[in-house]
Structure formats: C-alpha cells, structure tokens
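Student: I am new to this structure and would like to go through it step by step. Could you help me with it?

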Amino acid sequence: MEPAKQPVELPIIDASDDIPSPDSGRRLPRWLKRNVPKGDPGHKTTHLMKELGLETVCEEAKCPNRMECYSQQTATFMILGAICTRACSFCSVSRGAPQALSDDEPERLAEAAFRLGLKHVVITSVTRDDLPDGGADHYFRCIEAVRARTGATIEVLTPDFIESKEALARVLAAKPEVFNHNTETVPRLYRRVRGPKSEYSWTLELLRRVKEIAPATKTKSGLMLGLGETREELLDTLADLREADVDFLTLGQYLQPDQKKYLPVVRYLRPEEFEELGQQAKAMGFLKVASGPFVRSSYHARDMAESF
C-alpha cells in the first residue's frame, strides 16, 4: 500500500519585502502596491452609476482595479440589490435582509452600458436565496435589455443557484456569450471560505450543465490564491475544472477586505509564481488564462472573451 501523499506547502514570502497595508493592517508585498491615480479619472463612470442608481461589484467588493476600470469607462454591474443572503468569509459585500427587486433595473443597466459605449458587458449579482429562482429571471431580463440597447456581448457571473436547478436554464435562455461562476478555492477550504450553503460539487455540476444546455457558450471560473491551499490541491482543482470543460480561467491574489471580519491572508504569491501557474493552466487545456496578483473575475474580461 502506497503512503498517502502529503500536501506540498509553498513558502511564505520574505517579510523584508513587505510594506504596510492601509486596508487590513497587514503588511503587503511591494508588488501589491498601486499608485493612486491623480485627479478623478473615473469620475464619469462613478457619476453615471449614481445618476442611474446602479451598483457595481467594483465598489461593493472593494476591487483594487476599480479606478483603472472606471478610468476606462467600464465596470462590472451588480444586480438584484446590494445585500447578499450569504455570508462568505472573504467578501465585503453587505449581507442581511435582501432588498426588493427593482423592476426597471434592466432598463437602467442597459442605459448605462449604452452611455459608456460598452462592447462587452459583465453582469454579476449578490446571492438571493430568498427568491424561488435565485434571481434568474431578472438576469434574463437584464441580458435582453442590454443586448437590445447596445448589441454588446454579455458575460454573466452568477451565484450557484443551489436551490433551483431550473434557474440556470432561464439565464442561458438569454444566450450570454460567457457564463462565469467562480470556484474561489480548493475543496478542503470550500465551506470555510464560501459558507455552509455552498458545495464544491455543485459548482462543478453547474459549470458542466452550462455546456449541456448551451454548448456554444464559453464557461469561465476563477480562484483566489493565498488562503492556505497547496499547489497540489490547486492543480487538482484546475484538473476538475478542465474535466467540467471550463474554457477560461482567472487566478488572483486574495486580499483581506478588513482585518477583523474576514479570513486572513495565509501567504502572498509572487508575480513570477502566478506566471508559472498560468503557464501550467494553459498546458492543461484552458483556452485563455489570466493569472496575476491583481487579476479578478472580470478584469479585462472583454479581451478574454474576444480571443475566441
């Protein structure tokens, strides 16, 4: 009988490379330092979101790329309100009693996409376990409205719809070009990171079913690194995603939104390590891979979507 394989741990960075983090109180490596843009290059995008009463995950999740994206007049729209019914231990989106659906949100979203001149629109949402369809019909209406107003390609980044198997078919009926659902982490850490209602197996099943229902739709998933996963666990997870026929992959560094409320960062990966992991992922068969400390699910999403 062969001895059980031991997880291969990766070294933590040398603390001499660190600088203080203003957000979490931890010390960040120097490659995670970003210059604050002078002036307000994202003013138009910020003003438009407020004018139309729209939410962006860029703001709610404190994305480190938001000023870059806003300055390029793009954003990831967050529908179904700003209150999530899940309590993931990594995410700064507010959780609690959900808000009532806004019937005119699809039209407001379409207007924003039109006025920003977007050719590729990314739509995500909070999780709405309180709704029978998890908000799937609202996704459908938003996709239809944006496409009718702009002709843009559409990428959705959805919750797991774990309470409703019919929800996925409703979203796909609107024919989004890219369907994204984040894996976030490896199976061993799944419940700790995503909470007791989440299932690793359901994430894989959801991504598999996309291809069964809409074979032409590109599927996409992403993971945060630095939560305590090992390289062996990570590569096994990537193998699972390839087995589920996932096309696009994003790998980024987990950053703790707040020192008191959220999971701590276990380690920071160097840029060259992200580069190496990206090359390994490409060798596994992913059509497109974005791997780097600041990579997030929808970062440069149009470039990835238009590659194929």
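This is a predicted model: local features need pLDDT of at least 70, side-chain atom pairs count only at pLDDT 80 or more; totals for chains, interfaces and linings use all residues.

Student: Where is the place of Ala169?

Tutor: Ala169 is in helix H6. Its C-alpha is 9.9 Å from that of Phe140, while 29 residues separate Ala169 and Phe140 in sequence.

Student: Which residue lies over the face of Phe140?

Tutor: That residue is Arg170, at 3.6 Å from the ring centre of Phe140. Another charge placed over a ring is that of Arg242, whose charged end sits 5.5 Å from the centre of the Phe286 ring.

Student: Let us turn to rings. How many aromatic pairs does a search of the whole structure find?

Tutor: The search finds two aromatic pairs. Tyr139 and Phe161 form an edge-to-face pair, with 6.3 Å from centre to centre and 85° between the planes.

Student: Where in the chain are Tyr139 and Phe161?

Tutor: Tyr139 belongs to helix H5 (residues 136-150), and Phe161 to the loop between strand E6 (153-157) and helix H6 (166-172). The pair links distant parts of the chain, 22 residues apart.

Student: Why do Tyr139 and Phe161 count as buried?

Tutor: Tyr139 counts as buried because its relative accessibility is 0%. Phe161 counts as buried because its relative accessibility is 5%. The limit for this class is under 20%.

Student: And why is the pair of Tyr190 and Tyr200 edge-to-face?

Tutor: The planes of Tyr190 and Tyr200 stand at 75°, with the ring centres 5.5 Å apart, so the pair is edge-to-face. Tyr190 lies in helix H7 (residues 190-194) and Tyr200 in helix H8 (residues 200-213), so parts 10 residues apart in sequence are tied together. Tyr190 and Tyr200 are both buried.

Student: Now the sheet. In what order do the eight strands come?

Tutor: The order is E3-E4-E5-E6-E7-E8-E9-E10, in an open sheet with mixed pairing. Strand E3 (55-56) and strand E10 (288-291) are the edge strands, each pairing on one side only.

Student: How many bridges join strand E9 to E10?

Tutor: Four bridges join strand E9 (residues 248-253) to E10, and the two run parallel. Leu249 stands opposite Val289 in E10.

Student: What does H5 touch when it packs on the sheet?

Tutor: H5 touches E4, strand E5 (120-125) and E6, and its direction makes about 160° with that of E5. Helix H10 (residues 271-284) lies across strand E8 (218-225), E9 and E10, and runs at about 165° to E10.

Student: Where is the place of Cys88, and which residues does Cys88 touch?

Tutor: Cys88 is in the loop between strand E4 (76-79) and helix H4 (105-116). Leaving aside residues up to four places away in sequence, Cys88 touches Arg95, Val193 and Arg194. Cys88 counts as buried because its relative accessibility is 14%.

Student: Last, how many helices and strands does the protein have?

Tutor: The protein has 11 helices and 10 strands. Buried residues make up 53% of its 308 residues. Of the contacts with a separation of 6 or more, 72% come from residues 24 or more positions apart.

Notes: Residues are numbered from 1 along each chain as its sequence is written. Side-chain values use heavy atoms; hydrogens and water are left out. Buried means under 20% relative accessible area, exposed over 50%, partly exposed in between (1.4 Å probe, protein chains only). Contact means heavy atoms within 4.5 Å. Rings of Phe, Tyr and Trp (its six-membered ring) pair if their centres lie within 6.5 Å; planes under 30 degrees apart count as stacked, over 60 as edge-to-face and the rest as tilted. A charge sits over a ring if NZ of Lys or CZ of Arg is within 6 Å of the ring centre and within 35 degrees of the ring normal. Two strands pair if DSSP finds at least two bridges between them. Axes are lines fitted to C-alpha atoms, for helices over the stretch in contact, and angles run from 0 to 180 degrees between N-to-C directions.
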